[in-house]
Amino acid sequence: ATSNMAARMIIGILCICTIFAEISADDPTPRYKVSLDDDPEVRWKDISLKYGGETLREMVAAVIRDMVPAFAVPLIEEIADHLEDFIAEPYASEIRGFSKYLNVSLGDIVLGNLMYEIVAYCTSIVAQNEDGTIWHARNLDFPYSEYLRNLTYMVDFTKDNKTLYTATTFLSYVGVLTGQKPGAFTISLDERHEGAAWINVLAALFEKNSSPVSFLIREVLGDPLLNYTSAVDKLASTHLIAPTYLIIAGTKPDEGAIITRDRLKAVDVWSLNCTAGHWFEVETNYDHWEPAGDGRRDVANKLMTKIGQKNINGTTMYGLLSTPPVEQKSTVYTTVMTAAHPSIYSSYIRYP
């Protein structure tokens, strides 16, 4: 028994060393501050001028060539021509600012702010370890990862020189797909397949009664009145332009959930229940009660069980998300976060 225990300890140490080696092989994403005290049209100016628009223009051209149906292009141009009629503030002004300082057409910036609602393939995990800490980690996968790796950064959104929330995002993108409200909760978004995506998204925008999912996440993160419970309620009930999975983690025991959304309401809210032995949840891009269409979820579930609740931390979750097929060739970045310890929030650009 003693020799078996020693062998397990050695294997564990080797695994941890391997994980740290993997982290060092990837690049921490650049990190910037964006002041919400600044005028919306200029608050992204410094980041825009630092990066320039060339890589973004190349990516949007590839997306239009490969993914955007012909009927959608004039509709996107219509939205760009009457931006404030379709996009709420401050997002409309921020989009105008990106277009101005990147020298990229307004239509291309609008397209870039819609496409992640349609084609982002992701893995998100929420878990509670034995000391009660809630951990949240995610891979964001996207077909044009070779472009996005050069456009990814973290942003601390500040007001009166205080960080209100942090996000990992892309150049010209004004919504949030991955973010943290310090001391309160973390959120990630995974795309939910429901067919005819471009038709559904554009129809919802023209109806003018629904929000892009990423704008809702940013609104929830920035609302000083929301706690974990009220954030779940808002994420579950707000009308959206696309179906989605919203993964949220708080700071107290059992504060973790996967919210399965259609456009108008939550289909299901699946919460942690450690008393019943339900201490983690994995979401890829499939309803959790249905079989997954690829191997990511099954592998992640098996690895979480193998790691065990007592060993869950940022390092072990990063290692899990670095394991194929959970990590894909299209993985752009991995984020590890726990709202109870906000300084841990970190994202790494991946090179599978």
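Modeller: A residue is buried when its relative accessible area is under 20%, exposed when the value is over 50%, and partly exposed in between, with a 1.4 Å probe and protein chains only. This is a predicted model, in which local features need pLDDT of at least 70 and side-chain atom pairs count only at pLDDT 80 or more, while totals for chains, interfaces and linings use all residues. Residues are numbered from 1 along each chain as its sequence is written, and side-chain values use heavy atoms, with hydrogens and water left out.

Colleague: What is the mean pLDDT of the chain, and which stretch has a pLDDT below 50?

Modeller: The term pLDDT is the predictor's confidence in each residue, on a scale from 0 to 100. The chain has a mean of 91, and 92% of its residues reach 70 or more. Residues 2-24, however, have a pLDDT below 50, and beyond near neighbours in sequence this stretch has 10 contacts in the model, a contact being heavy atoms within 4.5 Å. Where pLDDT is low, the predicted coordinates should not be read in detail.

Colleague: Why is glutamate 94 called buried?

Modeller: The relative accessible area of glutamate 94 is 0%, and the term requires a value under 20%. Glutamate 94 is therefore buried.

Colleague: How do you know that the pair of arginine 350 and aspartate 26 links distant parts of the chain?

Modeller: Their closest N and O atoms are 2.9 Å apart, and the two form a salt bridge. Arginine 350 lies in the segment after strand S14 (346-349) and aspartate 26 in the loop between helix H1 (2-25) and strand S1 (27-28), 324 residues apart. Both arginine 350 and aspartate 26 are buried.

Colleague: Why are glutamate 84 and arginine 96 called partly exposed?

Modeller: Glutamate 84 has 40% relative accessibility and arginine 96 has 27%, so each value falls in the range between buried and exposed. The two form a salt bridge with closest N and O atoms 2.8 Å apart. That pair links helix H5, which holds glutamate 84, to helix H6, which holds arginine 96, across 12 residues. Elsewhere, shared partners join Asp26, Glu327 and Arg350 into one salt-bridge network. The whole structure has 15 salt bridges.

Colleague: Why is aspartate 160 called exposed, and serine 172 buried?

Modeller: Aspartate 160 has a relative accessible area of 62%, and the cut-off for exposed is over 50%, so the term applies. Serine 172 stands at 3% and therefore counts as buried. Aspartate 160 is found in the loop between strand S5 (152-159) and strand S6 (162-170), and serine 172 in the loop between S6 and strand S7 (178-181). Neither is a glycine, yet phi is positive, at about 55° for aspartate 160 and about 80° for serine 172.

Colleague: Which residues does the peptide bond with omega of about 5° join, and where does proline 325 lie?

Modeller: A cis bond with that omega joins glutamate 89 and proline 90, and proline 90 is placed in the loop between H5 and H6. Another cis bond runs from proline 324 to proline 325, with omega near 0°. Proline 325 lies in the loop between helix H13 (314-321) and strand S13 (331-337).

Note on methods:
Salt bridge = Lys/Arg side-chain N within 4 Å of Asp/Glu carboxyl O. Helix = DSSP H or I, 4+ residues; strand = E, 2+ residues; numbered from the N terminus.
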